[in-house]
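Please open the model in your viewer and keep a selection panel at hand. The stops below move from one element to the next, each saying what to select and what is there.

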Amino acid sequence: MPATIVDIKEQTGLSLATISKYLNGGNVLPENKIKIEAAIKDLHYEVNEIARGLVTNKTRTIGVIVYSVESLFNGTLLRYIGDRLRKSGYGLLICDSCNDEMIEAQNVRFLMNKKVDGMIVVPVSRTSGFLKPAEHAGIPIVLMDRRLRDAEFDCVKINNRLAAFRAVNTLIANNHKKIAVICSNESVYTGYERYKGYKDAMQQAGYPIPEQYVMKGTHAIEYGYESMIRLLELEDRPTAVFMSNYEITLGAVMAVNELGVQCPEEISMLGFDDLILSHVVKPRMYMVVQPMKEMSEKAVEMLLKRINSKEQELPVEVVMSTIVQEGNSIARI
């Protein structure tokens, strides 16, 4: 038979009220804490989380919704989020929106039915309608990577426009003028912002942006592959290409390798997110690097603060810095 709270009472001589208070996260005298923890260890007592949830109205479970679990970027965030939550005694429930706004809205309802204490969301949608049920239910929410157009939530992100601006200026500093971009279309927040950063850098330098140099499409490996092939087949092809996310960067590199085009001798490349790619391809890629571990830990910290605070503070947006990690994929003209 598994040990019960009554067994702890008999071993420690403490009241059920004191033991229950400790098990539910309350403060007890230091000497009582020592007794209870020793009894828990000796008796191999395990907390009944369902029962505790009925008492505290907390499940110590956090729901995380990402736009696609196929994305290595999202997978990396999930690992860091899970590590931080585990250290804080929380479990993780992951939902994949499959880049579909309808599935994303269903995921919010699913997590609400699971009585999660809070949600971390890397959204597909650009507007906040899908989060309204959770918001009305008072469930704390923190956004990651992408903000929403029509509502303010706690959010951890980078300055995407500035990150892209600095990346393209790295190409310009190496005397490139014919610079193309492959990015997500306007329906994706990060793609839209990073395209604006590309455009800012080109306009500030006074360089034209030919229509055929702008590739806007899906946030996918296939799109990066197809777009790079189209750019390399142009009669007046660019000397450099900026790829605005990891999946697009991976697809573009595959296309360059398949066509036997030499990088950086024939085409210079600068990508986004230093995950695996820059460590396994030659030449080593120039990459925009996000502080993914720090972003994940900050998102968890903000969410747990909301869960454990009774005060209704205004939403906070935390913007973290990026760097351009140097490689050998850019030729100086």
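Select helix α9 to begin: with 17 residues, this helix reaches 25 Å from its first C-alpha to its last, close to the 24 Å expected at 1.5 Å a residue, where the expected span is 1.5 Å times one less than the number of residues. Helices (H or I, at least four residues) and strands (E, at least two) are DSSP runs, numbered from the N terminus. The model is predicted, so local features need pLDDT of at least 70 and side-chain atom pairs count only at pLDDT 80 or more, while totals for chains, interfaces and linings use all residues. Residues are numbered from 1 along each chain as its sequence is written, and side-chain values use heavy atoms, with hydrogens and water left out.

Within α9, display the side chains of the buried residues, among them Tyr189, Glu193, Arg194, Tyr198 and Met202; buried means under 20% relative accessible area, exposed over 50%, and partly exposed in between (1.4 Å probe, protein chains only). The buried residues of α9 pack against β5 (154–158), α8, β6, β7, β8 and β9, contact being taken as heavy atoms within 4.5 Å.

Next, select the open sheet, whose 6 strands run in the order β7-β6-β8-β9-β10-β12 with mixed pairing; two strands pair if DSSP finds at least two bridges between them. Its edge strands are β7 and β12 (323–325), each of which pairs on one side only. From one strand to the next the twist averages 15 degrees. Zoom in on β6 and β8, which pair in the parallel sense over 4 bridges, and find Ala180 opposite Val241 in β8.

Helix α8 (residues 160–173) touches β6, β8, β9, β10 (286–289) and β12, and its direction makes about 165 degrees with that of β8; axes are lines fitted to C-alpha atoms, for helices over the stretch in contact, and angles run from 0 to 180 degrees between N-to-C directions. Helix α9 (residues 189–205) touches β6, β7, β8 and β9, with its direction at about 165 degrees to that of β6.

Move on to helix α10 (residues 221–232), where 12 residues reach 17 Å from first C-alpha to last, close to the 16 Å expected. The buried residues here include Tyr223, Met228, Ile229 and Leu232, and the buried residues of α10 pack against β6 (179–184), β7 (214–217), β8 (240–243), α11 (246–259) and β9 (268–272).

The remaining stops are in loops. Most residues other than glycine have a negative phi, and most peptide bonds are trans. Between α11 and β9, select Pro264, which is joined to Cys263 by a cis peptide bond with omega about 10 degrees. In the loop between β2 (91–96) and α6 (101–113) lies Asn99, with a positive phi near 55 degrees and a relative accessible area of 45%, hence partly exposed.

Lys115, in the loop between α6 and β3 (118–121), has a positive phi near 60 degrees and is exposed, with a relative accessible area of 57%. From Lys115, select Ile139, 24 residues apart in sequence and 9.3 Å apart in space, C-alpha to C-alpha. Is Ile139 buried or exposed? Ile139 is buried, with a relative accessible area of 14%, and, not counting residues up to four places away in sequence, touches Met112, Val116, Asp117, Gly118, Met119 and Ala134.
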